[in-house]
Amino acid sequence: MSGAIRKANEEDLERLARLLRKVAGADPGSPPGARGEPAAGSGAAARVLDLACGDCREAEVLADFAAELSGTPSAEVSLTGIDVRAREIADAARRLGRVREASEGRGRREFEFLTGDATKLPGLSQLGGDFDLVFLRHQNYWNGARDWEEIFDHALAKLAPGGRLAITSYFDKEHALALEVIGRLGGELVRSEFNPETRRLGTPGKSIDRHVAVFRRKP
Ligand SMILES: C[S@@+](CC[C@H](N)C(=O)[O-])C[C@H]1O[C@@H](n2cnc3c(N)ncnc32)[C@H](O)[C@@H]1O
């Protein structure tokens with residue numbers, strides 16, 4: 001990867017972190033601690049599930065975000081990433097390692113990357129449920145609506161009580177379609193934001209984390 005691409009990716013992640021904070025800060029019913037109060041019964045690691053994560057460049061940003069959501073930036077976080085592409089998953093595992101001990105104000109981080117089909121999530125028994133945050137970066141609804149409906153459905157089912165599902169999209173239309181289908185599947189939109197700093201890509205109308213939306217499960 002060239003230095004220019006690496007720098008562009010890093011800047012994308014900084015923008016993603018800002019946007020996630022903005023969306024969470026505007027979430028009146030966000031999980032305990034998301035608005036600055038310590039989480040009740042804190043101590044357990046926050047759990048994050050990143051579906052269709054590719055090589056999971058966003059892993060560290062997401063883990064920090066989940067710790068902030070828990071109300072304790074130094075909270076422990078365990079993150080599981082899943083993608084069908086074995087090579088990307090191997091890259092993520094190599095890059096991030098399995099465990100990072102607490103340092104620089106961050107709590108311990110545990111990363112796990114699985115090659116698997118997210119349409120078959122209920123069959124992955126080792127995964128468990130009760131994730132505080134389920135994330136889908138650059139969801140790809142346009143490219144196989146039926147599969148992505150299944151993935152969204154499983155994503156909502158994996159949420160802990162009070163948990164949040166967050167998605168980002170490359171395109172306006174694809175984002176609108178995803179909002180519609182997640183709503184139909186039982187997600188309640190908390191907030192959707194256009195990313196004013198989004199980095200444009202070569203394809204017209206396509207840009208990095210162009211939109212971010214956060215959902216909770218409808219009561
Ligand atoms: C647009 S890419 C986004 C990748 C990554 N989240 C990112 O933002 O760079 C869509 C990803 O979905 C993955 N994917 C597609 N269908 C999948 C499925 N059924 N289960 C798991 N991953 C899937 C692809 O392998 C690809 O990595």
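**Entry 1: two helices.** I looked up the crossing of α1 and α2 first, and this crossing is right-handed (the near helix is turned clockwise from the far one by less than a right angle). The contact draws on Leu-13, Leu-16, Ala-17, Leu-20 and Ala-24 of α1, and on Val-61, Phe-65 and Leu-69 of α2 (C-beta atoms, placed from the backbone, within 7 Å). By class I found 8 nonpolar, no polar and no charged residues there (Ala, Val, Leu, Ile, Met, Phe, Trp, Tyr, Cys and Pro count as nonpolar, Asp, Glu, Lys and Arg as charged, the others, Gly among them, as polar).

**Entry 2: ground rules.** I am working with a predicted model, where local features need pLDDT of at least 70 and side-chain atom pairs pLDDT 80 or more, while totals for chains, interfaces and linings use all residues. Residue numbers start from 1 along each chain as its sequence is written.

**Entry 3: the ligand.** How many residues surround the ligand? I got 15, and the closest are Ala-52, Gly-54, Ala-118, Arg-137 and His-138 (near means a C-beta atom, placed from the backbone, within 6 Å). This shell has 5 nonpolar, 4 polar and 6 charged residues.

**Entry 4: the whole chain.** I noted 5 helices and 8 strands (DSSP runs: H or I of at least four residues, E of at least two, numbered from the N terminus). Along the sequence they follow α-β-α-β-α-β-β-β-α-β-α-β-β. The C-alpha atoms fill a box of roughly 45 × 45 × 35 Å, taken along the principal axes.

Key:
Contact = placed C-beta atoms within 7 Å.
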